[in-house]
Amino acid sequence: MKKILVAGLGLALSMTTIQAHDDHDKQEDKRDFAVTTLSDNIHVLMGINGFTGGNIALLTGPDGVIMIDDSMPPLGAKLKAAIAKVTPDAVDFIINTHVHGDHTGLNAEFARDGSWIIGHENLRKQMKARGNGVSQTPPAEALPVITFSDEMGFHLNNERARIIHMASAHTSGDAIIHYAEANIIHTGDLMFNGLFPYIDLDSGGSVNGYLNAQQKMLSMSDDNTKIIPGHGPMSSKADLQAAVDMLQDCIAIIQKHVDEGMTEDEVVKANPLQKYHDDWNWGFITTERMTRQLFKGLSAS
């Protein structure tokens with residue numbers, strides 16, 4: 001799993017060149033989605049045989065089909081085939097957890113099929129102004145048409161769900177989705193299970209906001225909570241606690257060097273996060289990049 005993420009996630013999160021799309025096209029024959037059932041009507045779709053974007057959740061039932069995130073081009077047909085294994089019905093609503101193209105890349109395609117896109121108001125603003133990485137000028141159909149500021153809820157298919165904004169965390173427009181009765185949380189990219197997190201400072205994310213979001217999710221969890229991370233395998237409260245402990249310690253380590261007046265390059269040279277390298281380092285957020293993003297974020301706060 002970690003090798004797949006290393007090979008694919010850095011490519012998909014940058015997605016700024018034609019070559020990136022060419023690489024995706026070359027992989028299309030092998031990539032697919034595996035479906036895992038979490039409850040009677042909640043399923044998770046995770047990529048296999050290559051990188052397919054963020055983890056996707058599907059709520060089905062007589063009231064309609066609600067999907068969380070929607071992968072990226074050119075995987076529309078593969079994703080729809082995976083959905084068809086769960087339900088013959090079309091997707092009624094798509095909730096975007098944040099703006100990045102590996103989570104919103106098929107918005108327009110599904111919207112043209114009749115899906116309504118839901119996202120935080122900052123997500124819509126960001127996508128309209130800067131695109132989502134898949135396209136710098138996404139079509140109007142890609143934009144969320146239902147937005148919220150702090151929180152919204154829905155009561156469908158005998159499930160009570162909360163869509164909760166997590167301010168200035170991974171981006172400025174992050175949302176988590178909490179299925180209360182099912183005891184399931186979809187974190188979006190507020191959790192990279194077993195990996196250093198990506199904190200997108202250029203899109204309104206912040207180091208302390210990211211930590212606050214993880215602590216909030218921790219307070220909503222118990223030992224039976226099923227956590228769907230943005231990337232990586234299914235998680236538990238213990239996995240989230242490990243991520244919080246790591247991030248808290250890394251913040252304290254880098255903050256000490258910031259307070260001592262060291263420069264960014266001096267901190268990188270000192271390699272203060274070395275003890276986490278073997279377990280948390282990966283291709284996109286290496287130990288060096290983790291150090292630099294924490295330094296930049298803490299220096300600006």
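Student: Which residue is the bridge partner of M152 in β9?
Tutor: That's I163. Strands here are DSSP runs of E with at least two residues, and helices are H or I runs of at least four, numbered from the N terminus. One caveat before we go on: this is a predicted model, where local features need pLDDT of at least 70, side-chain atom pairs count only at pLDDT 80 or more, and totals for chains, interfaces and linings use all residues. Residues are numbered from 1 along each chain as its sequence is written, and side-chain values use heavy atoms, with hydrogens and water left out.

Student: OK. How many bridges join β8 to β9?
Tutor: There are 6, with β8 (residues 151-156) and β9 running antiparallel. Two strands count as paired if DSSP finds at least two bridges between them. G153 is another one to look at, standing opposite R162 in β9.

Student: What sits between β8 and β9?
Tutor: A turn of 2 residues, making the two strands a hairpin. N157 in that turn has a positive phi of about 55°.

Student: And what does β9 do with β10?
Tutor: β9 and β10 (residues 174-179) pair in the antiparallel sense, over 6 bridges. R162 has H178 as its bridge partner in β10.

Student: Why call β9 largely enclosed?
Tutor: Because 6 of the 8 residues of β9 (residues 159-166) are buried. Buried means under 20% relative accessible area, exposed means over 50%, and partly exposed is in between (1.4 Å probe, protein chains only).

Student: What's the strand order in the sheet?
Tutor: It goes β8-β9-β10-β11-β12, an open sheet of 5 strands with mixed pairing. β8 and β12 (226-228) stand at the edges with a single partner strand each, so one side of each has no neighbour in the sheet. On average, neighbouring strands are turned by 15° against each other, direction ignored. Those angles use axes that are lines fitted to C-alpha atoms (for helices, over the stretch in contact) and run from 0 to 180 degrees between N-to-C directions.

Student: Switching to α6. Which of its residues are buried?
Tutor: L123, Q126 and M127, in a helix that covers residues 121-130. Seen down the axis they fall within an arc of 95°, so they line one face of α6. The arc is that of the directions from the helix axis to the C-beta atoms.

Student: What do those buried residues pack against?
Tutor: α4 (101-104), α5 (107-112) and β6 (116-120). Contact means heavy atoms within 4.5 Å. The face of α6 turned away from the buried side carries the exposed residues K125, K128 and A129.

Student: Now N55: buried or exposed?
Tutor: N55 is buried, at a relative accessible area of 6%. You'll find N55 in the loop between β2 (42-48) and β3 (56-59). A polar atom of its side chain lies 2.9 Å from the backbone oxygen of P229. A polar contact is a pair of N or O atoms within 3.5 Å; within protein, one must be able to donate a hydrogen and the other to accept it, and residues adjacent in sequence count only if both atoms are side-chain atoms.
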